[in-house]
Amino acid sequence: MLVITLSNIGDIILTTPVIKALSGEFPGARCDVMVGPQGKEIFEKDPHIFKVIIYDKHMPIIQKRRLQIKLKKLKYDLVVDIRNTVFPLLIGPRFRTATIQKFPRSLMHKTEHHLYRLKSVGIDNLKESPYIHITSEDDAHIDRLLKDSGVTGPVVVINAGAKSHLKRWTTDGFAQVADRLIAECGVSVVFVGLKEDEAIVKEITARMKHKGHDFVGRTNVRQLAGLLKRAKLLITNDSAPLHLGSAVGVKVVALFGPTDPRKYGPMGEFDVVIKEKLSCAPCEKAQCVRNYECMRLISPDLVFDTARMMIEGYE
């Protein structure tokens with residue numbers, strides 16, 4: 001089997017239920033995955049996956065042609081194409097998911113959409129949830145990182161970044177919430193993110209009265225998942241760590257504005273989405289003409305009260 005998945009880390013995590021469903025349906029089958037360069041860390045240690053094939057949409061045409069020939073020689077029985085590429089047509093598997101999909105209106109979340117694609121090849125499974133395989137080496141890295149950083153007691157992880165600036169809550173809001181969590185709930189606050197989030201986290205920690213721990217750029221994707229697995233709570237914008245949190249089962253407070261939580265929101269039983277009730281939100285647009293009100297107006301008091309309830313109220 002070959003699963004052709006997506007490029008961005010958060011989007012990739014939302015496709016992992018498909019791999020779980022296929023592994024359950026065909027437990028003895030070889031399963032390869034074709035993924036964008038960012039997704040290699042997600043799958044390279046995964047026992048469900050035999051081979052990780054990297055597909056870069058920017059690669060020269062000649063390389064894409066070579067990849068097509070290589071895949072055709074493997075003679076896959078089944079190709080599940082979540083990316084909607086021409087590869088299934090070019091490599092000629094015995095079975096492939098339908099290129100054009102019409103999803104029922106009752107299915108809103110992206111994980112449901114991805115799983116629904118399997119119906120076209122006779123697999124009816126909408127119950128699987130996201131996952132990520134965390135190795136013992138990944139766990140050991142987090143052990144060392146927490147110890148070396150002096151992190152003790154319950155941990156709350158905060159992800160203040162997002163690929164789009166439109167999806168980011170205010171740095172002042174994050175700073176207020178982090179300070180109150182440390183002072184009033186007795187937790188350690190750890191900030192996570194990608195290299196490009198360094199400036200945002202530095203701005204937040206500079207505004208804080210108490211010490212927050214900056215782990216930005218100090219973990220790979222699996223290690224970050226290992227950290228989230230140990231956390232008491234994750235507070236996050238709509239970005240990849242949100243979906244990693246769903247994959248490992250940590251409780252999530254998700255801050256939403258321009259994107260639709262019915263499609264991209266957290267999936268845990270006790271997870272909470274905080275969003276402003278504005279006529280323009282969710283707009284799902286790349287530009288904002290209203291000064292980012294949907295994110296800017298989210299109350300720090302509401303975020304803190306919600307976080308405290310989730311830390312102390314569901315033991």
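Trainee: What percentage of the 315 residues of the protein chain count as buried?

Mentor: This is a predicted model, in which local features need pLDDT of at least 70, side-chain atom pairs count only at pLDDT 80 or more, and totals for chains, interfaces and linings use all residues. Residues are numbered from 1 along each chain as its sequence is written, and side-chain values use heavy atoms, with hydrogens and water left out. Buried means under 20% relative accessible area, exposed over 50%, and partly exposed in between, with a 1.4 Å probe and protein chains only. Of the 315 residues, the share that counts as buried is 50%.

Trainee: Why is the protein chain described as being as compact as a globular protein of that length?

Mentor: The chain comprises 14 helices and eleven strands, these being DSSP runs numbered from the N terminus (helices: H or I, at least four residues; strands: E, at least two). The globule rule is 2.2 Å times the number of residues to the power 0.38, and the radius of gyration is taken over C-alpha atoms. The chain is as compact as a globular protein of that length because the rule gives 20 Å for 315 residues, and its radius of gyration is close to that, at 20 Å.

Trainee: Which are the edge strands of the six-stranded open sheet?

Mentor: Two strands pair if DSSP finds at least two bridges between them. The sheet has parallel pairing and the order β8-β7-β6-β9-β10-β11. Each edge strand pairs on one side only, and these strands are β8 (213-214) and β11 (272-275).

Trainee: In β10, which residue is the bridge partner of L234?

Mentor: Strands β9 (residues 233-237) and β10 (residues 252-256) pair in the parallel sense over four bridges. The bridge partner of L234 in β10 is V252.

Trainee: Is L227 buried or exposed?

Mentor: L227 is found in helix α10 (residues 221-230). Leaving aside neighbours within four places in sequence, L227 is in contact (heavy atoms within 4.5 Å) with I142, L146, V157, V190, V192 and F215. The C-alpha atoms of L227 and V192 are separated by 9.7 Å, and the two residues lie 35 residues apart along the chain. With a relative accessibility of 2%, L227 counts as buried.

Trainee: What is the relative accessible area of V86?

Mentor: V86 is found in the loop between β4 (78-81) and α5 (87-91). Accessible areas come from the Shrake-Rupley method with a 1.4 Å probe, and for residues only the protein chains shown count as cover. V86 is exposed, and its relative accessible area is 52%.
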